Structure formats: structure tokens, C-alpha cells
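Colleague: I'm new to reading models like this one. Could we go through it together, with me asking and you showing how you get to each answer?

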Amino acid sequence: MRYSKALIPTLREDPADAEVVSHKLMIRGGYIRKVAAGIYDYLPLALRVFRKIEMIVREEMDATGALELLLPIIMPAELWQESGRWDFYGKELLRVKDRADHDFCVGPTHEEVITDLARREIKSYRDLPKNLYQIQTKFRDEVRPRFGVMRGREFIMKDAYSFDVDVEASKKTYQIMYDAYRRIFKRCGLDFRPVEAATGAIGGTLSHEFHVIASSGEDAIFFCDKCEYASNVEKTRLAKVGQLQKMNEELKQAKPDGKYVEVSTPGKKTIEEVALFLKVKSSELVKTLIYKATAEKKEPVFVAVLLKGDHELVDAKLTNALFDQGIVDTRDIVLELAGESEVKALTGADVGFAGPIGIKAKVLADASVYGDERFVVGANKTDAHLVGVSWADCNIIAFADVRRARQGDRCPECSSGSLLEKRGIEVGQVFHLGTKYSEKMKAVYLDEAGKDNFMVMGCYGIGISRTAAAAIEQNHDDKGIIWPVQIAPYHIQLITMGVDEKTREVAENIYYELEEAGVQVLFDDRDERPGVKFADADLIGVPYQAIIGKKAMAEGKIEFKVRKTGERSMVELPDIIDRLKKELGEK
């Protein structure tokens, strides 16, 4: 491609509304342009990168036996109402009406429509397994779209859906897809980590996220410094099942000792205020967080959660704990802190003074509270706290693992390693859905005995546009993007240092030779100053640069630059193709 014929509108200044590096550099490098909040034009350079990622994805998906199709982006409300997600999905689901006043939505994901297809077309066990995928534009009406294509409202995604005869077969498919994802992100040239993950709005019982490691990542991930354990912050285990079982067995035998005393704490509501007033550490306080859990078409359930004062709670872990303890009968709940009036009705006190003793709600405690004999809690009385409380005093119905991990916590897998915290950008996720959708939508097949069985499903997504942005977050410097060669828009940028006839002739010959050799080359043939060309080349981030100048050309040589390292070397003109092929062959 000749630069003079291309559409690469580079900018020298960062856009005012860009918060992260990938957003800044994709705007400045002429990759994207904003149309509306979270919606972008993908210019030719961006599309070339997206297509490279799509090619890798297609090759690896096809190698697993998955079949590509294309599903509609607009879906009827009836399918989403069948699954129960029409209301549960919330405002991220863009709802529209057609001219006949029928309700539809713009697809943020496609579990419903693919399950509908499967129930109509798959009839027998002989038709299984099936793994169907698409690469398509999605739309999620994010409340605060930001970070460019990293968290836009419209984005390109690969989503796949598997159908199997039973759980065992489905988990084999899950593993096949997990392995394929590892190959995909490795081929994209990314430093990534697969981690255990919560299932969220998609549902299911088993999930892994794939994170590109980057300091700008939105998500906290933890991994052990001694074993292979890794998880995102929502899933990081801090207590083993056996430990929790032992705690809960002891809980049945626990007897309150009532050795606590009430103290006045006028106006002291926060952990910091109470700790300072009572001259204790925040870890010596146990806060009582009152949550309201609401499932579709059911009355809300209130629960008081006990957590050490210096710990944070993870909503996804609490959701699982509420389900595991039978406090709610589904994981599809909306979880929120109780309002001021609700807190007062349950405790008799203002917000900031809630405690477990005498509260009108079930009490669940984090495992870290177990064994603590003397701590401070709210007194369920405005301007008062209780000092010297034991865990046995607190009317706890169960201990659970609900707190957020911290760097240095002991690894839950090997017990000898310590957890390290990194920032990650989620670029893909695999889910084992089970029969969540097939049961609700009656997607069945006939087994060998002629009996109906629900298909067992899996779901597998990769953000194509998000992967491109994550690659930039991980690969850049103060001059611009440094693309991994596997997904770069071009392999090499050919830059001329002069406009005289001889220079042009040599450049044209090299350009044609590179193209004939199958090398993807961007030829900067503009009548621009060398400084402008060099700045644009570094900004755009093509992995290699070939610079044709008078002095080197007089010696029959061309300057070869590696964008990532800045390494420069002089190469004989006839050898430039071999040099580049050698570089590309090493990737």
C-alpha cells in the first residue's frame, strides 16, 4: 500500500477525552474515529489488524471442528423472555420496536438465538456434538463507555456455542476450547494468563477468563508464585472447602459468652473513625454489611455479612455463598447494599451502626472472622458500638469465602506459595453453561433409548477489537504503538529520505520486490520531511522499517530498523528481502 493513497490521518496531540494509551494511540495513529459515545469508525489500519486477529481465530476454531455461521444482530424479545434475561440483563440490553410495535433487542450476546436454532435443527444424539461460532458486531449499552474500543458500546466479537449429550462430553469440549484459546493468544504474540472466573450474566458453573497482562488493565488477577493457580479477583479462593466445612461444624457447637460491652461512639460511622476513636486497628473491627438480594419475580432477601474492617467484599463471591447456603435459590440475582430506611428497619439504627447481635436478618460471616475472640461491631443503636465481641456471639448461620484477596495471601491450591496481584485486560472467556438455556428453552435431543434429554452447552467468546486494544496497552512506548508482528497491519514500512529520481527508482523497485515476495509493505512515498515520516512510522507501529537515504544508497545499502528495540543496521540492497523474511520467520 502506498501511503499517498492510504487513509491514515495521524495526529500529533492526544485527544482530550482519551484516558488510556490504546485509545490515545488508535486515535493519533489514524486507526479509529469517534462517531458517538462508545461507537467508532474502524479505519483501514484498524480493520487490517482486526482481520489478522480474526484469521488466527478462524484457523484455530476450524481446527477444533467448530463450524462458522452468522446469526442475526436483531433478535425478538420472545427468545430473551423465554430465557428470563429480558428483564434480568438490565439497561445494557438495547431494546427496539419494529413498525408493527413488536419488541426486539440488539444482540449483546447470542445464547438465546443459538439455542433456538439448536432446538429446531438438532433432533438426535447422532447430531451431536456441535460447536457453532460467528464473528460479528455486538452492542451493549454500557452506562459509561470509555477507553476507546476497550470498553465501547459497539464491538467485534467471536462467540461460539457448543452442544453435547452430557456433562462429561461437554467438559471435554470445554477443554478443547480452552486449549484453542491458549493457542490463539500465543499466536497473537501476547503475554497472557488464563484465570478462574465468575460466570456473571452469561451463567453456568465453570469459567475461565483470558487476560492480557498490562499495568493499565481494569481487572485484578491473582496467581501463585509457586504453582499454576490463577484466578480473577471475583473467583480467587482464600479458604478451602474442607476448611469451611470444619468451621461450620464448629459453628453448630458454638456457645456465646456475652462478655462484650457497649460503648458510646457519637457520630463515628466509618471504620477509620471508629478505629481512631477507640484506639484500635481497623483489623480489630468487624463491619456488618447489609445486602439486598433480588431474584426475578421474587421478594428481596436481606442478609448481614460480617467482614474484618480492613477487608473488602466481592459481590460475585457473596452471590455464590448465598446460593450455596440456600439463602437464595438462584445465582441470577441483583445484589445491592440495603438503603437507609431498610437498614433502620432491620437494625433500629442509622447507617454506620449495624451489628450482628439482634439484627433482623440472617448473618453470614467471612472465613477470616472465624476464631476471632474479641473484636468491635456496631450495636444496632445509633452512636454506639459493642467491644469485646466473639464470633460465637454473632448468630452466624455459616462461614463463607467472600472477601477480596490481597497480595501476599497464601495460595489456596498449593498452600506453600503466595498470591501475586497483577492487572489484566480480559480479552476472552470460556463458560461451561450446562443446561441453563436448554432447560428454559426446551432444547432437547432423543437419546439411543428414544428419551428426551436436555443438550449440555458451552459458550466461548473473544473480543476481536478489544484484543487489538489490549495488544497496544501491552506493546507501546512514548513514540507510539509497537505491534506484535503476527497482528500488525503491515510487516514493514518503506521510508524514502529524498524525492530525487534515483531514490524514487530504488524505492519503487524494492516496493515491488517486497510485494512479489508476499511481504505486506506500507510504502511512505509522500513528499514530506524525513522527521514527519519517522514520527508517523513510530506512531503507527509497523514492526520493521526500511529507510532509503542517499548516503546509504550510494554504498548500495538500506537502513533496517526494528521498531520494538530501536536496533538499526545497514543491509545490502539485494539482501533486504532475505533479512526481513528471516525476521518474520523467527516470530
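This is a predicted model: local features need pLDDT of at least 70, side-chain atom pairs count only at pLDDT 80 or more; totals for chains, interfaces and linings use all residues.

Colleague: Which residues line the largest cavity?
Modeller: Residues are numbered from 1 along each chain as its sequence is written, and side-chain values use heavy atoms, with hydrogens and water left out. A cavity is a set of points, on a 1 Å grid over the protein atoms alone, where a 1.4 Å probe fits but cannot get out, and a lining residue has an atom within 4 Å of a point. For the largest cavity, that gives V20, F147, M150, S216, G217, E218, I425 and R466.

Colleague: How much space lies in the largest cavity?
Modeller: The structure holds 1 cavity of 30 Å³ or more. A volume here is the space filled by probe spheres set on the grid points, which are joined across faces, edges and corners. For the largest cavity, the space comes to about 30 Å³.

Colleague: How does the lining of the largest cavity divide by class?
Modeller: Ala, Val, Leu, Ile, Met, Phe, Trp, Tyr, Cys and Pro count as nonpolar, Asp, Glu, Lys and Arg as charged, and the others, Gly among them, as polar. Sort the lining residues of the largest cavity that way and you get 4 nonpolar, 2 polar and 2 charged.

Colleague: What about pockets: which element gives the largest share of the lining of the second largest pocket?
Modeller: A pocket is an open set of points with protein on both sides within 12 Å along at least five of seven lines. The second largest pocket has a volume of about 380 Å³ and is lined by 21 residues, with T288, L289, G352, F353 and A354 nearest its centre. Helices (H or I, at least four residues) and strands (E, at least two) are DSSP runs numbered from the N terminus, and those giving two or more residues to this lining are α8 (271-278), β14 (286-295) and β18 (375-378). The largest share, 5 residues, comes from β14.

Colleague: Is R526 buried or exposed?
Modeller: R526 sits in the loop between β28 (521-524) and α14 (530-540). Buried means under 20% relative accessible area, exposed over 50%, and partly exposed in between, with a 1.4 Å probe and protein chains only. R526 has 17% relative accessibility, so the label is buried.

Colleague: With which side chain does the side chain of R526 make a polar contact?
Modeller: Contact means heavy atoms within 4.5 Å, and leaving aside neighbours within four places in sequence, R526 is in contact with Y3, S4, V532, K533 and D536. A polar contact is a pair of N or O atoms within 3.5 Å; within protein, one must be able to donate a hydrogen and the other to accept it, and residues adjacent in sequence count only if both atoms are side-chain atoms. At 2.9 Å, the partner of the R526 side chain is D524.

Colleague: Why does the aromatic pair of Y511 and F523 count as tilted?
Modeller: Rings of Phe, Tyr and Trp (its six-membered ring) pair if their centres lie within 6.5 Å; planes under 30 degrees apart are stacked, over 60 edge-to-face, and the rest tilted. The structure holds 15 aromatic pairs, and one of them, F185 with F210, is tilted at 5.8 Å centre to centre and 35° between the planes. For Y511 and F523 the centres are 5.1 Å apart, and the pair is tilted because the planes are at 40°.

Colleague: Which side chain makes a polar contact with the side chain of S569?
Modeller: S569 lies in strand β31 (residues 568-572) and counts as buried at 18% relative accessibility. Not counting residues up to four places away in sequence, S569 touches I558, E559, F560 and R579. The polar contact, at 3.0 Å, is with the side chain of R579.

Colleague: What share of the chain counts as buried?
Modeller: There are 16 helices and 31 strands in the chain. Of its 587 residues, the share that counts as buried is 52%.
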